[in-house]
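These are my notebook entries on a structure that I had not looked at before. I wrote down what I looked up, in the order in which I came to it.

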Amino acid sequence: MRTVAVLAFDGISPFHLSVPSLVFGRVGIEGPPPYRVDVCAEQPGSLATPAGFDIRVQHGLDTLTRADTVVIPSWRAGEPLSGELRAALRAAHAGGARIVGLCLGSWAVAASGLADGREVTTHWASAAELARAFPAVRVRADTLWSDLGDVVTSAGVAAALDCCLHLVRGDLGSKAATELARSLVTAPHRSGSQAQYIPVAVPDAADDDPIERAMVWARTHLGDPVDLDSWARVALMSRRTFTRRFRDRTGTSPQQWLLLQRTDRARLLLESTTDTVERIAVDTGFGTAVSLRHHFHRILGTSPAAHRTSFQGQSRAVALSS
């Protein structure tokens, strides 16, 4: 069982606090839970919230040193860390814990010094202020989340949900993350490179959204050759207009988005079926096992065989303990 320590503080928004608690707390609800979630605070006890009610926290900062993942779901912009909290975060990191800053929690990550010379993602509205406060940190406001392995940061609340699902996907596999996303009625996967906000108007619900229509069409044709001209025709656009509108919508090119969708589908098939790598390569549009292995390793840093061994073995272990 992995331990997730979630840091609360006086004045925290219950909504921000609920995101990691909900995601990591709901995984495996039909079997042995793979995560234990402990909410902690620098000063345990009753903490005020802006929602009109208080919350009571039992655990102190010593919880951080026992955690596999430490999540800071929010912070007060411009407020420094106490010496005790900074030391606890650095000690947890030195002990191998993954440090996660969601939304303005990236301020606490930057203030800890763990991101010096590296990058963090934060809410676009606070990015400039964060960059001024911590010049040793490269601040991203153009992505949903960034994962450095040991340090993970995200933009606002919806992006924080995407980020936590990304962590579950890495820990437990695509199948577990997809099932969790379904139970939460949210998108199963949004790439961290996706833009935080759309710089063009979103169509009204009653209107047809050609980019969304094209994305749905592509997801249902992952095993088929998808050339850009045919894809643009689904959206009733020229190739040039489609490419521009797609990048405005997603923050990436149509080809790169499609490659990520195919890779994610391959992950799911590797975890949930016994199909050969060659069969999965055909079904996901890679064509050959060589192509699948190349892109899988480039994007995920591992081979299809190693991924299957890791997550199918994990699924069997969970089933046996149920």
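**Entry 1: helix H9.** I began with helix H9 (residues 239–250), which has 12 residues and reaches 16 Å from its first C-alpha to its last, close to the 16 Å expected at 1.5 Å a residue. The expected span here is 1.5 Å times one less than the number of residues, and helices (H or I, at least four residues) and strands (E, at least two) are DSSP runs, numbered from the N terminus. Before going on I noted that this is a predicted model, in which local features need pLDDT of at least 70 and side-chain atom pairs count only at pLDDT 80 or more, while totals for chains, interfaces and linings use all residues. I also noted that residues are numbered from 1 along each chain as its sequence is written, and that side-chain values use heavy atoms, with hydrogens and water left out.

I then asked which residues of H9 are buried. They are Phe242, Phe246 and Thr250, where buried means under 20% relative accessible area, exposed over 50%, and partly exposed in between (1.4 Å probe, protein chains only). These residues cover an arc of only 40° around the axis, which puts them on the same side of H9; the arc is that of the directions from the helix axis to the C-beta atoms. I found that they pack against helix H7 (210–219), helix H8 (228–234) and helix H10 (254–272), with contact meaning heavy atoms within 4.5 Å. After H9 comes Gly251, whose phi is positive, near 80°.

**Entry 2: helix H12.** Helix H12 (residues 289–300) has 12 residues and also spans 16 Å between its first and last C-alpha, close to the expected 16 Å. I listed Ala289, Leu292, His295 and Phe296 as its buried residues. Seen down the axis of H12, they fall within an arc of 135°, so they line one face of the helix. Just after H12, Gly301 has a positive phi of about 75°.

Entry 3: Most residues other than glycine have a negative phi. Cys103 sits in the loop between strand E6 (98–101) and helix H3 (105–112), and at 8% relative accessibility it counts as buried. Leu236 likewise has a positive phi, near 60°, and lies in the loop between H8 and H9. Is Leu236 buried or exposed? At 72% relative accessibility, Leu236 counts as exposed.

**Entry 4: cores.** The largest nonpolar core has 65 residues, of which Val23, Phe24, Leu64, Val70, Trp75, Leu85 and Val168 touch the most other members. Such a core is a set of buried Ala, Val, Leu, Ile, Met, Phe, Trp, Tyr and Cys residues joined through side-chain atoms within 4.5 Å. Helix H5 (residues 157–172) gives the largest share of this core, nine residues. Apart from it lies another core, of 15 residues, among them Ile211, Val226, Phe242 and Phe246.
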